[in-house]
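The entries below follow the order in which I looked things up.

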Amino acid sequence: MSAPPEPAVQTVELTKTYPAAGPRPEVPAVRGIDLDVPRGEFFGLLGPNGAGKSTTIGMLTTLVVPTGGTARVTGLDVVKDAVEIKRRIGVVSQNNTLDSDLTAAENLEFRGRFFGLGARDARRRADELMELFGLTEHRKGNPFEMSGGQAKRVMICRALMHGPEVLFLDEPTAGLDPQTRTNLWEVLRGLQAGGQTILLTTHYMEEAEALCDRVAVVDHGKILAAGTVDELKNAAGADTVITVAYDAPAPDQIHKLADRDGISKVEVNDGQVRVFATEPDGILGELVAIGAAAGVGVTDATQLRPSLETVFLTLTGREYRE
Amino acid sequence: MTAPAATVLTPPPPARATIPRTFGAMMAREARVMRKNFLSTFVRVLVQPVMFVFVFSYVLPKLGGGAMAGGPGGPTFSTILVPGLVGSSIIMQAMMAVIFPLMMELNWQKSITDRALAPVPIPLLAVQKIIAAALQGLIGGLLVFPAVLLIHAEGQSPHVHVENWPVLVVVMVAGSLLAAAGGLLLGTLLNPQKVQVLFAMVLLPMTMLGCVYYPWSALDHIRWLQVLSLFNPLVYVSEGLRSTLTPGIPHMPAWAFLLAIVGGTALLTWAATRTFTRRVLT
């Protein structure tokens, strides 16, 4: 009986602390992350900017050296087996890292050749991929004169040239307009449906919800929760979060709401009140009424339905900052 | 764009991503870029030496200022210039071929991350950059030869013959590598915002004081400058070329320039691969 295949990605207590430099103190960018991503999965690392996602992906792709813990990609150690791991992965960086001295097609051709393809095979493979991703007419284009969406598709093609076992995408749609982003989602969904293992980082909640089989919510270098989007919502209470800002300190009666069925938590911070509720109907009106009865006006009110955003809010007590 | 429901990729053709093969592909990429930019590189390489020989070997002698460098009967100034200008072209081209692209790759485009993902160890990527830049330096040196040999006023032709081919080859090849390794070191250490410092504090003094326009022994009367010049790698390349192209003109002993060029190449390559690796791997 053959052994089950190694997970695509496995980390244990993975840590990265950047040393102090000049007046800047040391920066603990990643603080003990555990991941287990099976093959074939579309896995998302979701978190705000500066959460440690890119550093994590940097360690998994061998370009950032961990300062603690272990990380294995396709069963290989990221420090000891870096060259072999690079043969097995494809990486799409956040920035346009295409070679500006080469055309789009040449970028792909040379990527293929770096990974051992002969020149003719690499050109043929590049043509195939460019056709598949609707880039044929841009094959001779300069990568820095293309639109953001086109350049990103070229980068995805380039990462797929050698048939990687795991595809890493670091903020693939950052800076793209909504239409282009949706188009790129379709490309990524297509790849995953074709069996490609994908690990993506994003700070867009809706992107993680739309694409990922499982998501790990990351903040300040730690995983706050991980699971399917539904699991995360359930684990965090599947709450709707109602936030009201009063023009004066919140009335004391607000605290009594916490005892009510369907309300799991009430947070009061001076004039701001946040109610986490599984049964949110009527609560917003009630908060306005309580304020009015106490002579306090409402200056702002929001109601967030259960989403990764409310999960983040529940887990951290802070609003999600993209 | 309409994407298919499932993008089933055909597997790529069988590949053999061995380190030598990847290294070869990287060099092929450099060759492709060099070929594309050949005209602009050609012009850039030639302008400065052509201007020098034009002024010093053609215009000044025509104006009556073309005295023999070693007095009447001594070598023409153009003879003194040949090894110096070839050496300076090698050093400048090799350094610039690595410094400026590297600054772009490390700081603005960040494209170095992509090259670093090629399946080779990072120090080897540094070595590849040194070799590619050295190749450009070598080509730069070769391109200058015809210009410095052909442009001169009547009676000012340089007297050049190759005395020792192996020394010529070693000096040109190792000199290119030395400059490229130095360029890689500077490119990884310098703050790109202060690139003008590179011209003012490194490249200009290196050229002006690199024994391009006079042999090192001529500095006997300015001892402090002669000693200070020993820190300038161009001095050894100029003197090495002088020893084999214009052996009649005083020059350093072979052991001295060979030791400096080969030893310096080894030292700078070691240092540059370390700083490069530190910049690429965080």
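I started with strand β6 (residues 89-92) of chain A, which pairs with β7(A) in the parallel sense over four bridges. I took helices (H or I, at least four residues) and strands (E, at least two) as DSSP runs, numbered from the N terminus, and two strands as paired if DSSP finds at least two bridges between them. In this pair, G90(A) has L167(A) of β7(A) as its bridge partner.

A note on the source: this is a predicted model, in which local features need pLDDT of at least 70, side-chain atom pairs count only at pLDDT 80 or more, and totals for chains, interfaces and linings use all residues. Residues are numbered from 1 along each chain as its sequence is written, while chains are lettered from A and ligands numbered from 1 in the order in which they are written.

Next I looked up the other partner of β7(A). β7(A) pairs with strand β8 (residues 197-202) of chain A, also in the parallel sense, over five bridges. I found D170(A) opposite T201(A) in β8(A). With helix α6 (residues 178-193) of chain A, these two strands make a right-handed β-α-β unit; right-handed means that, with the strands pointing away from the viewer, the path from the first strand over the helix to the second runs clockwise.

Is β7(A) covered or open? I noted five of five residues buried in β7 (residues 166-170) of chain A, where buried means 20 or more other C-beta atoms within 10 Å of a residue's own, with C-beta atoms placed from the backbone. V166(A), F168(A) and D170(A) point one way, and L167(A) and L169(A) the other.

I then wrote down the whole sheet. It is open, has six strands in the order β6-β7-β8-β3-β9-β10 (chain A), and its pairing is mixed. β6 and β10 (222-227) of chain A are the edge strands, each pairing on one side only.

I also checked strand β3 (residues 42-46) of chain A, which runs parallel to strand β9 (residues 214-219) of chain A and is joined to it by four bridges. G44(A) has V215(A) as its bridge partner in β9(A).

Last, I turned to the interface. I counted 37 residues of chain B in contact with 37 residues of chain A, contact being C-beta atoms, placed from the backbone, within 7 Å. On the chain B side, α1 (19-36) and α4 (112-116) of chain B give two or more residues. The largest share, eight residues, comes from α1(B).

How values were computed
Two residues are in contact if their C-beta atoms, placed from the backbone, lie within 7 Å. A residue is buried if 20 or more other C-beta atoms lie within 10 Å of its own, exposed if 12 or fewer, and partly exposed in between; C-beta atoms are placed from the backbone.
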